[in-house]
Amino acid sequence: MTLESGEPLHGEEAIIQEYLAPLAAGYAGALGLKDDCAILSPTPGHDVVLKTDPVAGGIHFLPDDDPANIGWKALAVNVSDLAAKGATPRAYLMALSFPEAPTRAWMARFASGLAEAQTAFGIQLAGGDTDRRPGPVTISITVLGEVPTGRMVRRATAKPGDILYVTGWLGDAALGLRLIKDPGLASRWGISTRAADAAVARFLRPQPRLAIREPLLAHARAAMDLSDGLVKDLGRMAAASGCGALVSLGGVPLSDVGAAAVAADDALWSAIAASGDDYEVLIAVPPEGTAAFESSATTACAAARPSFGITRIGEMTAAGGVALFKPDGRPYLPPRAGWDHF
């Protein structure tokens, strides 16, 4: 569905009042989207955690994607950062930039995807803006979350010897995108239609791992979300913490699609280790706390809907840089570290 297909909307107020104001109806501080600013009253004893991450057509989503999936993804990629900080989502601001007036059909589907995401993540629209400018559709969202004062889990606080974990499965979104562009890959990889659809869904509708919040706050030394690939984001954690890291790819969690893809083509380890859009959580835990973390995280992940797992993949080291090893023990250096806009 494109912006041009169907009856166009006329005027910014129509976009706001017909499609966006209902998304803000449950948040009193939004003031019905009838003021220039919104109000946030933090819970006593909590810090406000903020994150902005825009998405643009042709970069983060395909131009003909279902607008409902675009709305979901735009919010999910931001909430994923809150999940990795141990924060509870509260509200978000959104700026929409269109190259031309969207149609009613496009806005209705987009708003429906946002509404689904809001319900799933426990967050509501507080305000924002719309404008028209050249270029692809761009959705800029700023999420606001809360965490007990001084408890936000940072990425720069890991130490040598900390044990590394990831949530979920790595590489599915990158492989899902390849399946969208070349559906014939499914048969060449020997995977079922159901498995292929699941990987495509991981690209279209990422799932922020909010269920990991309490285990993170109780046991993690450092954490961050994986948006630009394991190698690149782990490198960021290591550099910020003044450490190195060691990871065995044989321990990295793979879905049926991931396992089939690397079995069919060894070069696809790069999609597992160095592609963006995973939106899983990378976690560093002190060695003395791993048993308690694994117990609480396993319970929390199993109770989540949809459920997911937690997997130990390596450890932080004193030496700088990220060292990767293939399942057979050979050192592995991907062609690139991960996604980079520039």
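**Note on the predicted chain**

1. The chain holds 11 helices and 12 strands. Both are DSSP runs numbered from the N terminus: helices are H or I with at least four residues, strands are E with at least two. The radius of gyration is 20 Å, close to the 20 Å from the globule rule for 342 residues, so the chain is as compact as a globular protein of that length. That radius is taken over C-alpha atoms, and the rule is 2.2 Å times the number of residues to the power 0.38.

2. This is a predicted model: local features need pLDDT of at least 70, side-chain atom pairs count only at pLDDT 80 or more, and totals for chains, interfaces and linings use all residues. Residues are numbered from 1 along each chain as its sequence is written, and side-chain values use heavy atoms, without hydrogens and water.

3. Of the 342 residues, 52% are buried (under 20% relative accessible area, 1.4 Å probe, protein chains only).

4. Look next at the cores. The largest nonpolar core has 61 residues. A nonpolar core is a set of buried Ala, Val, Leu, Ile, Met, Phe, Trp, Tyr and Cys residues joined through side-chain atoms within 4.5 Å. Helix H2 (residues 67–84) gives the largest share of this core, 9 residues. A second, separate core has 46 residues, including Leu175 and Ala284.

5. Leu75 is among the residues with the most contacts inside the largest core. Beyond its neighbours within four places in sequence, Leu75 is in contact (heavy atoms within 4.5 Å) with residues including Tyr92, Phe121 and Val143.

6. Of contacts between residues at least 6 apart in sequence, 86% join residues at least 24 apart.

Technical notes. Buried means under 20% relative accessible area, exposed over 50%, partly exposed in between (1.4 Å probe, protein chains only).
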